[in-house]
Amino acid sequence: LDFESQPDDVDSKIGTAGYASINPGSGFSPNLNIEHARQRWLFRMLHSKRPLQEKMALFWHNHFATAYSKINGVFGGLDATRMLAAKKTENPGGIPGQLELFREYALGNFRDLLVAVAQDPAMLVWLDGRTNVRRLPQENFARELMELFTMGVGTFAETDVYAGARVFTGWNLTRVGGAGSGGYYRFNYAANQHDTGAKDFTFPIYASGDRRIPARSEAQGMQDGIDLINAVARHPATGPRLARKLYQYFISELGEPDGAFVQELSRIYYDSNFEMKPVIRRLLNSSQFTAIGNHYSRYSWPVEFVVRSLKEVGRVGFSVDSAITPLVNMGQQLFEP
């Protein structure tokens, strides 16, 4: 759980003796080539001294599913790979790729992760936030923020989706440094594209119970998005939904999770102000996690099956590149959920 005490030096082992090998082709560039990025992530899962960090990064990758194929279709492979997989030190401008966000916030604050994802270049392409302007609000991110990322189906109305789209108008992308490999995309709040009017919701936005985000000036309009993210993070349906997903991910997906345990995990989530580490600490120290009846009660994802097989059978002399096509055949491709 306290994996920060372990060295995060797994990338330095790539290409050295005694570890699974990679197939670099003409040069290993996991910040520029998506196939190399997939190899690096598999290598990390196999050899990391922080396995829970990679396990949670995979969980968030599923939760905030973003596909390389769409970003590649919009901006090309180099920028798409940077947006998804590059480390801060590998990116112009020091902007982390989406996977690095998930690794950074693996057991961090969920509300802070929501803010980071809302401003993440890959997400701004995937859910079309880059085109969200006041003349034509784009609803995709607002809908998924409520339906997939936090509260879940049946907790909001269609009017909330439209109001949420207006909240995030102006949360766009900008290109810095011009064309070519030296340029990059970053989040940009375009104040002149923000809808400054009041936005009404069917659920409380503020602790007072007020359901209206007030009218604000263009310059202050970014606060609208922060207010909505705060509201959905503390919504009474978000904690239980995250708890159920984590229960299914770590304990069992056969049958309904223990309702009382889900509520206990939810209380920890809210009482800690949305910190994930105490939630996972309680989950992994629970009797449910160690119960014999819960052994073998969850289906491995293909990538988990591959990594575990390599750990059990032996990885020396094996190239992680050899696992890419079998993973696709099994129905899972990293960065392409």
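## Cavities, a pocket and a helix pair

Helix α4 gives the most to the lining of the largest cavity, with three residues. The model is predicted, with local features needing pLDDT of at least 70 and side-chain atom pairs counting only at pLDDT 80 or more, while totals for chains, interfaces and linings use all residues. Residues are numbered from 1 along each chain as its sequence is written, and side-chain values use heavy atoms, leaving out hydrogens and water.

Helices (H or I, at least four residues) and strands (E, at least two) are DSSP runs numbered from the N terminus. On a 1 Å grid over the protein atoms alone, a cavity is a set of points where a 1.4 Å probe fits but cannot get out; a pocket is an open set with protein on both sides within 12 Å along at least five of seven lines; lining residues have an atom within 4 Å of a point.

The structure holds four cavities of 30 Å³ or more.

| Space | Volume | Lining residues by class |
|---|---|---|
| Largest cavity | about 90 Å³ | seven nonpolar, one polar, two charged |
| Second largest cavity | about 60 Å³ | six nonpolar, three polar, no charged |
| Largest pocket | about 760 Å³ | 12 nonpolar, four polar, six charged |

In these classes Ala, Val, Leu, Ile, Met, Phe, Trp, Tyr, Cys and Pro count as nonpolar, Asp, Glu, Lys and Arg as charged, and the others, Gly among them, as polar.

D79, R82, M83, N91, P92, I95, P96, P121, Y184 and Y185 line the largest cavity. At least two lining residues come from each of α4 (77–85) and β2 (184–189). Around the second largest cavity lie A118, M123, L124, G129, N132, Q138, F141, F168 and W171.

The largest pocket, of about 760 Å³, is lined by 22 residues, of which K55, Y249, R298, E304 and R308 are the closest to its centre. Two or more lining residues are given by each of α2 (51–63), α11 (238–250) and α15 (302–313).

Helix α6 (residues 110–118) packs on helix α10 (residues 222–234) at an angle of about 135°, their axes 10 Å apart. α6 is therefore oblique to α10; angles under 35 degrees count as roughly parallel, over 145 as roughly antiparallel, 65 to 115 as roughly perpendicular and the rest as oblique. From α6, R111, L114, V115 and A118 meet I226, I229, N230, V232 and A233 of α10, where contact means heavy atoms within 4.5 Å. The residues of this contact of α6 with α10 comprise seven nonpolar, one polar and one charged.

Technical notes. Axes are lines fitted to C-alpha atoms, for helices over the stretch in contact, and angles run from 0 to 180 degrees between N-to-C directions. Grid points are joined across faces, edges and corners, and a volume is the space filled by probe spheres set on the points.
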